[in-house]
Amino acid sequence: MALMTGQEYMESLNDGREVYIDGEKIQNIAEHPSLRPIIEAKARMYDMNHEEKYKNICTVDTSDGTICRGYKMPETKADLKAIRKYVETVLDDLGGVVYRVGDETIGEMWSLYDAQESLNEIDPTYTENIKNHIERISRLDLFHVSANTDPKGDRSKLFAGKAGSDTNLLHVVEENDRGIVVSGAKFETAAAYAHQAFVKPTISNWTDESMLPYASGFICDMGSPGLKHICRTSHGRNQNPIDYPISTQFDEIDTLLIFDKVLIPWENVLFHNNLKSVQFIRKTVHRYSAFNYVIRLLRRADLLLGTAVLNAEQTGLTKIPAVQEKITKLICYRESINAHLTAAVSEAEESSGGLLMPNQSLLYTGRIQAISNFNDMLHLTRELVGGQLAVTPDSMTIQHPEVKEYIDKYYSLAGWDAEDRTKLLFFARDLLNSSRGGHQTTFELFAQGPPFTQYQAAFNNFDLEPSRQMVRKAANIFSEKAELQV
Ligand SMILES: Cc1cc2nc3c(=O)[nH]c(=O)nc-3n(C[C@H](O)[C@H](O)[C@H](O)COP(=O)(O)OP(=O)(O)OC[C@H]3O[C@@H](n4cnc5c(N)ncnc54)[C@H](O)[C@@H]3O)c2cc1C
């Protein structure tokens with residue numbers, strides 16, 4: 001067992017991977033100004049595991065040695081509580097909310113672990129690989145991310161069962177004694193600075209036999225020959241950190257990952273040419289990772305609430321009952337996420353693989369409640385911060401010796417000096433109005449699948465029978481025809 005340090009993590013990225021960003025092909029990605037801030041945030045997470053004050057929260061002793069807490073599969077409620085504590089501690093230490101930093105994505109492998117028996121029945125060839133990889137990630141302390149989404153192309157063709165060589169979907173082009181060779185593409189946040197990804201088929205119609213060539217899942221090392229990382233630019237690059245404190249530290253770079261005949265060794269193949277496996281995976285993939293994701297949404301709610309409250313306090317508005325009411329809406333939003341997370345642990349369920357899952361219905365409905373109300377809460381925070389959010393001049397200009405006295409006059413209030421007042425407004429602007437703020441809202445809309453898949457997950461995990469029974473009894477309906485066909 002070897003817990004990596006931040007420095008070791010940064011050096012490990014120098015493995016010859018092919019990365020393109022800002023119009024250039026880059027060499028040492030940890031040094032690149034668009035990628036460096038988020039790589040430093042991940043490096044900080046690795047370093048936290050070695051610090052005395054965090055050791056008990058960020059790491060755990062297992063029979064195989066000490067591993068990162070985020071990589072320990074949950075077997076008890078105490079494990080789930082410890083995961084929550086770990087994620088909250090990391091985000092609080094970083095001072096911002098990051099999503100795709102390893103602990104959220106690892107849960108997808110635990111879903112596969114649960115699926116072993118079913119996958120074994122379908123095809124026993126690969127189940128040993130799943131166990132080996134789960135063990136390998138924690139043993140080598142790897143940064144593991146998730147690749148689901150292909151640039152899907154013309155869906156009318158795919159759904160009509162005409163998927164052929166013209167499709168964009170990632171597929172196997174060759175099988176040989178070393179492994180499978182795949183071509184295609186995936187969108188993947190953090191791929192350029194991660195070690196490996198669990199690559200799997202995207203949301204589609206996986207009952208259609210013509211989809212068989214696309215029905216494979218595997219682990220891909222992010223430095224594999226034939227892999228090209230085409231990154232979007234950073235929202236924080238060339239920005240002043242005082243004006244854009246979030247964009248310049250926490251922008252998680254997304255990648256269009258091209259697989260140009262990439263060899264995936266057999267030991268990395270987790271399922272292959274198998275529609276049933278895909279159906280199973282697509283149904284269960286977020287049963288653990290949604291927990292870590294919703295913890296992030298809780299911290300995002302905290303940021304909205306804290307920003308609104310500090311501003312209302314600065315401007316003396318907290319004394320007005322109507323403003324208190326608006327703040328209370330943010331409190332209710334925050335607490336409803338908290339309640340779903342807390343209840344999901346206290347009502348946790350045993351999985352088919354013998355692990356302990358957060359209560360699935362409470363977790364998925366919590367995810368929907370957090371995401372579907374997010375825009376309203378964002379807008380309410382905007383409203384509470386007021387128009388200065390948008391009209392405040394930048395940090396360089398307000399320091400100009402000929403204007404500073406006016407800034408001091410008009411931005412100092414109620415025990416707050418102009419420097420702190422403008423810092424709060426810059427933070428609020430980056431949280432709510434900047435290009436990175438908009439990007440983040442889009443990420444939250446689509447992370448772990450678009451809204452319709454999240455509603456499906458909640459529908460599939462809620463037991464409708466008690467409600468049916470209650471109404472049957474109340475309305476005196478005992479006919480067989482009253483059975484709901486789902
Ligand atoms: C910032 C960001 C980061 C991302 N990071 C990752 C990542 O790390 N890994 C990853 O795998 N993916 C990632 N994604 C991709 C994300 O998961 C997809 O965008 C999402 O799954 C939707 O797929 P799509 O964009 O192809 O939209 P489409 O499939 O084209 O769907 C667009 C819309 O059409 C409607 N729609 C489509 N099909 C149906 C249907 N069957 N029923 C009802 N409505 C339907 C919905 O309104 C849907 O939102 C990221 C996306 C964003 C924005």
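**Reading the labels in a predicted model**

Visitor: Why does Asn476 count as exposed?
Guide: Asn476 has 6 C-beta neighbours inside 10 Å. The label exposed applies at 12 or fewer. Therefore Asn476 counts as exposed. Bear in mind that this is a predicted model.

Visitor: Where is Asn476 placed?
Guide: Asn476 sits in the segment after helix H21, which covers 465-475. Its phi is positive, about 60°, although Asn476 is not a glycine.

Visitor: Which value of phi does Asp141 have?
Guide: Phi of Asp141 is near 60°. That is a positive value in a residue other than glycine. Asp141 belongs to the loop between helix H7 (127-140) and E5.

Visitor: Why is Asp141 called buried?
Guide: Count the C-beta atoms. Asp141 has 23 others within 10 Å. Buried requires 20 or more. The count meets that cut-off, so Asp141 is buried.

Visitor: What is Ile258 called, buried, exposed or partly exposed?
Guide: Ile258 has 18 other C-beta atoms within 10 Å. Buried needs 20 or more, and exposed needs 12 or fewer. The count lies in between, so Ile258 is partly exposed.

Visitor: Which residues is Ile258 in contact with, leaving aside its neighbours within four places in sequence?
Guide: They are Ala185, Lys228 and Ile230. Ile258 itself is found in strand E11. His229 is 29 residues from Ile258 in sequence, yet their C-alpha atoms are 6.5 Å apart.

Visitor: How do you know that E7 and strand E11 pair?
Guide: Pairing takes at least two bridges. E7 and E11 (residues 254-265) have ten, in the antiparallel sense.

Visitor: How many bridges join strand E6 to strand E7?
Guide: Four bridges join E6 (residues 171-175) to E7 (residues 179-189), and the two strands run antiparallel. Glu174 has Val181 in E7 as its bridge partner. Three residues lie between E6 and E7, which form a hairpin.

Visitor: What makes strand E9 largely enclosed by the rest of the structure?
Guide: E9 spans residues 217-221. Four of its five residues are buried, so the strand is largely enclosed. E9 also has strand partners. Four bridges link it to strand E8 (residues 196-199), antiparallel. There Val199 stands opposite Phe218. Two bridges join E9 to strand E12 (residues 269-271), again antiparallel. Gly217 has Phe271 as its bridge partner in E12. Two bridges meet the cut-off of at least two, so E9 and E12 count as paired.

Visitor: Which domains is the protein divided into?
Guide: Domain 1 covers 6-284 and domain 2 covers 289-467. Their centres, taken over C-alpha atoms, are 26 Å apart. The contact takes 37 residues from domain 1 and 33 residues from domain 2.

Visitor: Which elements give two or more residues to the side of domain 1 that touches domain 2?
Guide: Helix H4 (77-94), helix H5 (103-114) and helix H6 (116-122) do. H4 gives the largest share, nine residues. By class, this side of domain 1 has 15 nonpolar, eight polar and 14 charged residues.

Visitor: Which residues touch the most other members of the largest nonpolar core?
Guide: Tyr193, Ala197 and Val294 do, in a core of 120 residues. Helix H11 (residues 289-314) gives this core its largest share, twelve residues.

Visitor: How do you know that this core lies between domain 1 and domain 2?
Guide: Both domains give residues to the core, so it lies between them. As background, nonpolar side chains in soluble globular proteins tend to be buried together.

Visitor: What does Val294 touch, not counting residues up to four places away in sequence?
Guide: Its contacts are Ile337, His340, Leu341, Leu363, Gly366, Arg367 and Ala370.

Visitor: How many residues surround the ligand?
Guide: There are 17. The closest are Asn148, Thr149, Thr189, Phe443 and Pro450. By class, the shell has six nonpolar, six polar and five charged residues.

Visitor: What gives the most to the shell around the ligand?
Guide: E7 does, with four residues. Strand E5 (144-147), E7 and helix H19 (435-446) each supply at least two. Domain 1 and domain 2 each contribute at least three residues to the shell.

Methods: Residues are numbered from 1 along each chain as its sequence is written. This is a predicted model: local features need pLDDT of at least 70, side-chain atom pairs count only at pLDDT 80 or more; totals for chains, interfaces and linings use all residues. A residue is near a molecule or strand if its C-beta atom, placed from the backbone, lies within 6 Å of it. Ala, Val, Leu, Ile, Met, Phe, Trp, Tyr, Cys and Pro count as nonpolar, Asp, Glu, Lys and Arg as charged, and the others, Gly among them, as polar. Domain bounds come from an automatic or database domain assignment. A nonpolar core is a set of buried Ala, Val, Leu, Ile, Met, Phe, Trp, Tyr and Cys residues joined through C-beta atoms within 7 Å. Two residues are in contact if their C-beta atoms, placed from the backbone, lie within 7 Å.
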